[in-house]
Amino acid sequence: MRAIDVPTYNAQEVYQTCINSISDEGLRDRLNLVTASIMASANDYTQKAMTKQLFQIPPVDSDNDDIVVGAVTKKELKSVYSQHMVGRGKPARQIYDDILDLAPLGKCPLCGVGVATTLDHYLPKSKFPTVSVLPVNLVPSCKDCNTGKSADIATTAEEQGLHPYFDHDYFITDQWLFAEVIQTNPVCIRFYVEPPREWDNVSQERVGSHFKDYNLASRFSLEVTNELAILKDTLSKYMSMLGKEAVKQHLHIVATSHQGLHQNSWQTALYQAVSSSEWFCDGGYAQI
Ligand SMILES: [Zn+2]
């Protein structure tokens, strides 16, 4: 997970920009009338996000055509986002694009693997329609993270995946993602989560939830397959020219370089694992 500074948009201005582009006057009026409720939801969200209590916001379990606030249905609130923020040519589309641009180096902050091409609702709009255009609920994301994550709503503090705008500090600076080499042919790299023991229990569980919800173990494994194919040739050359110690040194240097960039990237975990495996450095790298 990569941290992103909290977007500084004024929530009410964003909501207003979205609904101003609605041509149906009756719908626009009804949406204007619920502005205070939408802002109350926005304030509640921000306060709970800052105290890592977003799971306490109750989901809306009604149907699309049911009224969820004032005289506005769930479907109408969802379409404020899908038609008037995502819609190309709409004034609020600029805000959508600007939030997308917050992705660090264009990468998805949730997995660190995919390219951020879409916005993910941290609290899904189908269950939390009143925050469907709230900027701090919109996270730049790759398609895999947006569509492939677990559909379950967090009902406890421990089940909450990491939030790139609000979960900074030790989630970023401490290492919790690791990998190990399984001595098989082909070689297998197993990723796992092991947060520092001094963390509180909720934080320890949350990184596990994040890892599971975004299916990171298997997605990282796919990346590793490509990486090892390239590595095999490089390491064979180091081995034949300089021997096993050179193989180890090379892998160790790459590990520290990745660690300098991100403590919890799949590359940091991978290179730490392979550089500390005697079996891998002694020729196991060829088992792919
Ligand atoms: Zn992603």
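Residues are called buried under 20% relative accessible area, exposed over 50%, and partly exposed in between (1.4 Å probe, protein chains only). The model shown is predicted: local features need pLDDT of at least 70, side-chain atom pairs count only at pLDDT 80 or more, and totals for chains, interfaces and linings use all residues. Residues are numbered from 1 along each chain as its sequence is written, and side-chain values use heavy atoms, with hydrogens and water left out.

**View A. The zinc ion is held by cysteine SG atoms of C108, C111, C142 and C145.** These protein donors lie 2.2 to 2.4 Å from the zinc ion (donors are N, O and S atoms within 2.8 Å of the metal, or 3.2 Å for Na, K and Ca). The site is tetrahedral, with angles of 105 to 112° among its 4 donor atoms (four donors qualify if all angles lie between 85 and 135 degrees). Along the chain the donors follow the spacing C-x2-C-x30-C-x2-C. C111 belongs to the loop between α5 (93–100) and β3 (118–121), and C142 to the loop between β4 (138–141) and α6 (143–148), so the pair ties together parts that are 31 residues apart in sequence (helices are DSSP runs of H or I with at least four residues, strands runs of E with at least two, numbered from the N terminus). Both C111 and C142 are buried.

**View B. The second largest pocket has a volume of about 240 Å³.** Of its 13 lining residues, R2, K107, G112, H262 and Q267 are the closest to its centre. A pocket is an open set of points on a 1 Å grid over the protein atoms alone, with protein on both sides within 12 Å along at least five of seven lines; a cavity is a set where a 1.4 Å probe fits but cannot get out, and lining residues have an atom within 4 Å of a point. Volume is the space filled by probe spheres set on the points, which are joined across faces, edges and corners. Helices α10 (244–261) and α11 (266–275) each supply at least two residues of this lining. Domain 1 (11–154) and domain 2 (170–286) each contribute at least three, the bounds coming from an automatic or database domain assignment.

**View C. The largest cavity has a volume of about 60 Å³.** The structure holds 3 cavities of 30 Å³ or more. Lining the largest cavity are A49, K52, L54, Y122, Q160, H163, F166, D167 and R206.

**View D. M1 lies in the segment before α1 (11–20).** This residue counts as buried because its relative accessibility is 9%. The C-alpha atoms of M1 and D200, 199 residues apart along the chain, are separated by 19 Å.

Note on methods: Tetrahedral: all angles 85-135°; square planar, octahedral: opposite > 155°, others 65-115°.
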